[in-house]
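Let's walk through this model together, one part at a time. Keep the 3D view open and turn it as you read.

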Amino acid sequence: MLAGEQPTYPGVLGTGVCMLPELNVGRTGLTEAAARDAGYDVAAVTAVVDDKAHYYPGASNFIVKMIADRKSGNFLGLQVLGKGAVDKMVDIAVVALTMGATLHDIENMDLAYAPPFSTAIHPFAHTLNVLLNKISGEMDSITPTEYMEGKAAEYKIIDVSINPTLEGVPYIDITKINGTLPEYGTDEKLLLVCAKGKRAYMTQNRMKFYGYNNTKVLEAGHTFNEIETEE
């Protein structure tokens, strides 16, 4: 009690930000593991998003992990790393957590945009959209952790980058997919890999249209994952 007042302290969210050599990192809220330990039905996604307009000098990427409760849609936490202003991403997440927001509550926030500062679809909103696509089933994916644990072992790795990038890996160009592919059966398990995950998601959608229902997108692509290829 101070000066006759009895204020209450609501606690902290575990917010932190740090500058490392050529890399900034930040976080707030629950990690995926902490959320599971707390009993949440966790939905999490790892995405690589532009930190500002890609053509602007100094543009780079954020690698973002976003966590929510699958059933309620409650926003639970975020971790981000990159060369840019990770604190902006963290602070948006702090507001969402403080207000007890769901993903849909913050889905259409009118966040500031100009090419030197952000992207037309803000990197926070971009990541949120990817998570919503995963929760709804629009995107069927494997996380970096699942990939490291060998959960993609039964899947054939397919390079779906703009140009062939992964040595020794079959390549599919999304612009050439105009029907079923003679090389692959529609029931074949295929892991689609690109630089960041976005083109893999678009390729998955196009392949679904032609009956391919066993594809997986590797979240964060080869920017974040070390791809194991056959010699």
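A residue is called buried when its relative accessible area is under 20%, exposed when that area is over 50%, and partly exposed in between, using a 1.4 Å probe and protein chains only. What you see is a predicted model, in which local features need pLDDT of at least 70 and side-chain atom pairs count only at pLDDT 80 or more, while totals for chains, interfaces and linings use all residues. Residues are numbered from 1 along each chain as its sequence is written, and side-chain values use heavy atoms, leaving out hydrogens and water.

Cys18 is partly exposed, at a relative accessible area of 37%, whereas Cys194 has 3% relative accessibility and counts as buried. A disulfide is taken here as a pair of cysteine sulfur atoms within 2.5 Å, and by this rule the model has zero disulfides.

Now to the sheet. Helices (H or I, at least four residues) and strands (E, at least two) are DSSP runs, numbered from the N terminus. Two strands pair if DSSP finds at least two bridges between them. Strands of a sheet pair through backbone hydrogen bonds, either parallel or antiparallel. In this model, five strands make an open sheet in the order β1-β2-β5-β4-β3, with antiparallel pairing. Strands β1 (16-20) and β3 (42-50) stand at the edges with a single partner strand each, so one side of each has no neighbour in the sheet. From one strand to the next, the twist averages 10°.

Five bridges pair β1 with β2 in the antiparallel sense, and Leu20 stands opposite Leu23 of β2. The hairpin of these two strands has two residues between them, and Glu22 there takes a positive phi near 65°. From β2, six bridges lead on to β5, again antiparallel; Thr28 has Leu78 of β5 as its bridge partner, and Gly26 has Val80.

On the next step, seven bridges join β5 and β4 in the antiparallel sense, with Ile63 bridging to Leu81 in β5. These two strands form a hairpin with five residues between them, and Gly73 in the turn has a positive phi of about 80°. Finally, nine bridges connect β4 (residues 61-69) to β3, which run antiparallel, and Val42 has Asp69 of β4 as its bridge partner.

Next come the helices. Contact means heavy atoms within 4.5 Å, and angles run from 0 to 180 degrees between N-to-C directions, with axes fitted to C-alpha atoms, for helices over the stretch in contact. Helix α2 (residues 86-98) packs on the sheet, touching β1, β2 (23-29), β4 and β5 (75-82), and its direction makes about 175° with that of β5. Helix α3 (residues 123-136) also packs on the sheet, where it touches β3, β4 and β5; its direction makes about 140° with that of β3.

The two helices meet as well: α2 and α3 pack at an angle of about 60°, with their axes 10 Å apart. That makes α2 oblique to α3, since angles under 35 degrees count as roughly parallel, over 145 as roughly antiparallel, 65 to 115 as roughly perpendicular and the rest as oblique. Met89, Ile92 and Ala93 of α2 make this contact with Pro123, Phe124 and Thr127 of α3.
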